[in-house]
Amino acid sequence: MVETILFKGQEYPKFQSEGFAAQFAFPYAKQVCKGRGYDIGCGKIAWALPGSIPIDPQISEEYNAMRLPYEKDMDYIFSSHCLEHLISWVDVMDYWYDVLKEGGTLFLYLPDYSQKYWRPWNNRKHLNIFTPEIIRDYMVSKGYKNIFVSGVDLNNSFMVMGEK
């Protein structure tokens, strides 16, 4: 049986309200996030991409999306459901670009506009809402190569990955 929740007349799978969205992206991220890298915004150490350095203010106040312990030559940055909480996602993405080594991978898993509850006017924890096209356009403008964008999944989220 699929448990659901109702929001503004639309049903969604209940798992969307329980956290740990990253689990749906892990099978793909594990294929390209290799070497030394971060999981930024994981929320709990247990929810971090295996083998990554977890970065989240809930885990440590010392580091966050704009202040990382190692600021150069990272092999990858993985981030799930984080950018929507940040004041200036473009500044954060620019900083992450600088942290990645040439050939490094950026892998994002983000909530999609299609989930009404995740829109900033419905969920005040979210400051931004995204579509795959917005993130792809940003990555193209920065010069990322081999950019791949998924469709929207059953978690009303999408994946984007690219190589610096």
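These are my notes from looking around this predicted model.

**Ground rules.** I number residues from 1 along each chain as its sequence is written, and my side-chain values use heavy atoms, with hydrogens and water left out. As the model is predicted, local features need pLDDT of at least 70 and side-chain atom pairs count only at pLDDT 80 or more, while totals for chains, interfaces and linings use all residues.

**Entry 1: D56.** I found D56 in the loop between β4 (53-55) and β5 (74-80); helices (H or I, at least four residues) and strands (E, at least two) are DSSP runs, numbered from the N terminus. A salt bridge needs a side-chain nitrogen of Lys or Arg within 4 Å of a carboxyl oxygen of Asp or Glu.

I then looked at what D56 does reach. Its side chain comes to 3.4 Å from the backbone nitrogen of C42, and a polar atom of that side chain lies 2.9 Å from the backbone nitrogen of G43.

**Entry 2: the cores.** I looked up nonpolar cores, meaning sets of buried Ala, Val, Leu, Ile, Met, Phe, Trp, Tyr and Cys residues joined through side-chain atoms within 4.5 Å. The largest has 29 residues, and I40, L83, M93, W96, L106, I135 and M139 have the most contacts inside it. Which element gives the most to this core? I noted α2, with seven residues. A second, separate core has twelve residues, including A29, C33, L49 and Y76.

**Entry 3: salt bridges.** I count four. One of them joins K14 to E3, with the closest N and O atoms 3.7 Å apart. K14 sits in the loop between β2 (10-13) and α1 (26-32) and E3 in the segment before β1 (4-7), so the pair ties together parts eleven residues apart in sequence. K14 also bridges to E18 at 3.8 Å.

D94 is in helix α2 and K142 in helix α3, 48 residues apart. D94 is partly exposed at 24% relative accessibility, and K142 is partly exposed at 26%.

How values were computed:
Polar contact = N/O pair within 3.5 Å; in protein donor to acceptor, adjacent residues only side chain to side chain. Buried < 20%, exposed > 50% of the residue type's maximum accessible area, 1.4 Å probe, protein only.
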